[in-house]
Amino acid sequence: MLKKLSQFTLALIGLTVLFSSCKKTYDSIQVVDGKKIEDYIKANNLTVTPDSLKTGYYYQILNPGTGTALYATSDSVLYNVSVKGLENGTVYWASANGNFGTLAGYTNALVPVDNTVFSTIGVTALRDVILRLKPGGSARILLPSYLAYGKNGNASIPSNENIDLTVTTAPEKSQIALDDRIINDIIKKNNLTMIKDPSRVYYSISTPGTGTDKISLSSTLIANYTLRFADGTVSQTNVDGTFSFTLGSLGVKGWGDVIPGKLTKGGKIRLLIPSDRGYGPLGIVPTLPRNAVLDFDIEIVSVTN
């Protein structure tokens, strides 16, 4: 009996050893991501710095910016980000034609138009790197997937995608100053002649109109319009005479700032509207970016008081 038991025990041990030797081991995602990023750095001869806490990201200061001091956590910072795949170079989203804005110690916005966020540590990486910049500076952050969109990915971003992120801070520390620069860049680029309203909306009237009804904020208007962003991209257009609204209740306050008293039926105007007189820091998901300057061509089709 003891002999049989001993043989059975030896056989069991043998099977255990056999299965153990056949079992495949897998590297953790941290190891896999780290190897890919290190290989990318070497292949592209990059000079990067690992983060001090060794969470797994690397950064490269592309332009330190200008000014007398680095951002303090209580300073306002306006910034743009671009997110692309590290290996494939695909740009997944960018805060073009708008920007993020907050206190430098709370730069937690890594949010594309669908409001999906990076991991907490990925957000921390953005904040830590921004605090190393001066106004007008830029940096590159290489984020492993587990600090970015993880195993689930997001929309067009694949699972376990390592991210190459670029962050650029604006020279200005106020949104008003940044908007005004953007508007003046549009004017210069397109050789426009514009008047600056006290509301900070710039306008140019090509036709004041021939109607007799005066326009007020309580007027119901039908208008044709085309909306462009700062880079000239057309965002919206409605030129079939179907857009009807009460001027004072329109979401874009810049229309009501300028149109009353300046146009009547048939009038045509171009408006360059700073973001706070447009859709502000929230924008409208998914079509209108945060803090976007708006460029409108408008024709007043009818006026009802």
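Mentor: Two strands are taken to pair if DSSP finds at least two bridges between them. Helices (H or I, at least four residues) and strands (E, at least two) are DSSP runs, numbered from the N terminus. This is a predicted model, in which local features need pLDDT of at least 70 and side-chain atom pairs count only at pLDDT 80 or more, while totals for chains, interfaces and linings use all residues. Residues are numbered from 1 along each chain as its sequence is written, and side-chain values use heavy atoms, with hydrogens and water left out.

Trainee: Which residue of S11 is the bridge partner of Ile222?

Mentor: Strand S10 (residues 220-228) runs antiparallel to S11, and 8 bridges join the two. Within S11, the bridge partner of Ile222 is Ser244.

Trainee: Is Thr246 buried, partly exposed or exposed?

Mentor: Thr246 is found in strand S11 and touches Leu217, Ser218, Ser219 and Thr220, not counting residues up to four places away in sequence; contact here means heavy atoms within 4.5 Å. Thr246 and Ile222 are 24 residues apart in sequence and 8.9 Å apart in space, C-alpha to C-alpha. Buried means under 20% relative accessible area, exposed over 50%, and partly exposed in between (1.4 Å probe, protein chains only). Because its relative accessibility is 31%, Thr246 counts as partly exposed.

Trainee: Which residue in the turn of the S3 and S4 hairpin has a positive phi?

Mentor: Strand S3 (residues 76-85) is joined to strand S4 (residues 91-94) by 3 bridges, and the two run antiparallel. Lys84 stands opposite Val91 in S4. The hairpin has 5 residues between its strands, and the residue in the turn with a positive phi, about 70°, is Gly89.

Trainee: How many bridges pair S3 with strand S7?

Mentor: S3 also pairs in the antiparallel sense with strand S5 (residues 100-103) over 4 bridges, where Val77 has Thr102 as its bridge partner. With strand S7 (residues 163-169) the pairing is again antiparallel, and Gly85 has Ile163 as its bridge partner. The number of bridges between S3 and S7 is 7.

Trainee: What is the N to O distance in the salt bridge of Arg181 and Asp185?

Mentor: A salt bridge is a side-chain nitrogen of Lys or Arg within 4 Å of a carboxyl oxygen of Asp or Glu, and a search of the whole structure finds 12. Arg181 and Asp185 both lie in helix H4 (residues 175-189), 4 residues apart, about one turn of the helix. Arg181 is partly exposed at 35%, and Asp185 is partly exposed at 42%. Their N to O distance is 3.8 Å.

Trainee: Which residues are linked with Arg228 in a network of salt bridges?

Mentor: Asp297 forms a salt bridge with Arg228, the closest N and O atoms being 2.9 Å apart. The pair links distant parts of the chain, with Asp297 in strand S13 and Arg228 in strand S10, 69 residues apart. Asp297 is partly exposed at 31%, whereas Arg228 counts as buried at 14%. The residues linked with Arg228 in the network are Arg270, Asp295 and Asp297.
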